[in-house]
Amino acid sequence: MQNLHSDILNSISTNGCCSNAFLSAVISVCMEELDEHKLVIGCPIFLYDKFCSTLKNFYPDLSIRFGRGGIAIQGQNLIQMLSELDIAYFNNGKLEFSNPCNETMLASECCRVTYLKGVFLCVGKTYYNNDTSGKTQGYSVEFVFKDYQLADDVKALTKFLGINLKSVKRGNNVVLYSKDSSVLVEFLVRIGAMDE
C-alpha cells in the first residue's frame, strides 16, 4: 500500500478518451472556484505535474498558475474545456453545472476506470481499520466529497463496476466507504492498482 498513489498515477493514460476522464475527475472533485474567466482547483500537490501536462496537451492555449489556493486556469478556451469535459457550461451568461459521471464522458470501461482513479487520487484514502481495543481489523477505503450529488454519482459508478460502498454524512461532507478489506482489494483490482 506504500506506493499506492504513485502506482495509480503512473497507470493513468494521458492519451485520448482516458485523458478527458482524468481531467474531468480532478476538476469535478477539486474545484474551488469557477466563473467564466477563471477556474481554481485545489488538488493534491503530487497530481500537479500529471494534471497540468495532460491539460496543456489538449488545451495548450490555457494559462496555468500555481498559488496557495491551488491551480488557477484561465484563457479563452476555458468554457470550451469545461463543456467538453462535462463539468459546466454557460447558458445565456449563466453558469450551469453538468454531470461528469455521465454515459457520454464515461462510455468506455477504460474511461470509467480512469475517472475512478482520478477521484481516488483526489479524495480517496486507505487506512487500517482498528477495533476499540486497537486490534487491526484490516484495511478500509473511503472517499470524502464536498458535493453530495457527485458523491451519489461516484457511488453509482462504483456499484456499476461491482464495488459496493456505503455512504454517511460527516459534517458538511459525504463519505463513501467500506470497512471490508475485500471491497478495498476488489476496488484496487478493478482500477488496475493490484493484481488479482
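Which residues are linked with Glu109 in a network of salt bridges? The network joins Glu109, Arg112 and Arg190; a salt bridge is a side-chain nitrogen of Lys or Arg within 4 Å of a carboxyl oxygen of Asp or Glu. The model is predicted, so local features need pLDDT of at least 70 and side-chain atom pairs pLDDT 80 or more, while totals for chains, interfaces and linings use all residues. Residues are numbered from 1 along each chain as its sequence is written, and side-chain values use heavy atoms, without hydrogens and water.

The structure holds six salt bridges, including these:

| Pair | Closest N to O |
|---|---|
| Glu109 and Arg112 | 3.3 Å |
| Lys38 and Glu33 | 3.8 Å |

Arg190 lies in helix α7 (residues 181-190) and Glu109 in helix α5, so their bridge ties together parts 81 residues apart in sequence. Helices are DSSP runs of H or I with at least four residues, numbered from the N terminus. Glu109 and Arg112 are three residues apart in α5, about one helical turn. Arg112 is buried at 13% relative accessible area, whereas Glu109 is partly exposed at 33%; buried means under 20%, exposed over 50% and partly exposed in between, with a 1.4 Å probe and protein chains only.

Asp153, in helix α6 (residues 148-160), is buried yet has no salt bridge. The nearest side chain of opposite charge, Lys155, is 12 Å away, with Lys and Arg counted as positive, Asp and Glu as negative, and His and the chain ends not counted.

How values were computed:
Helices (H or I, at least four residues) and strands (E, at least two) are DSSP runs, numbered from the N terminus.
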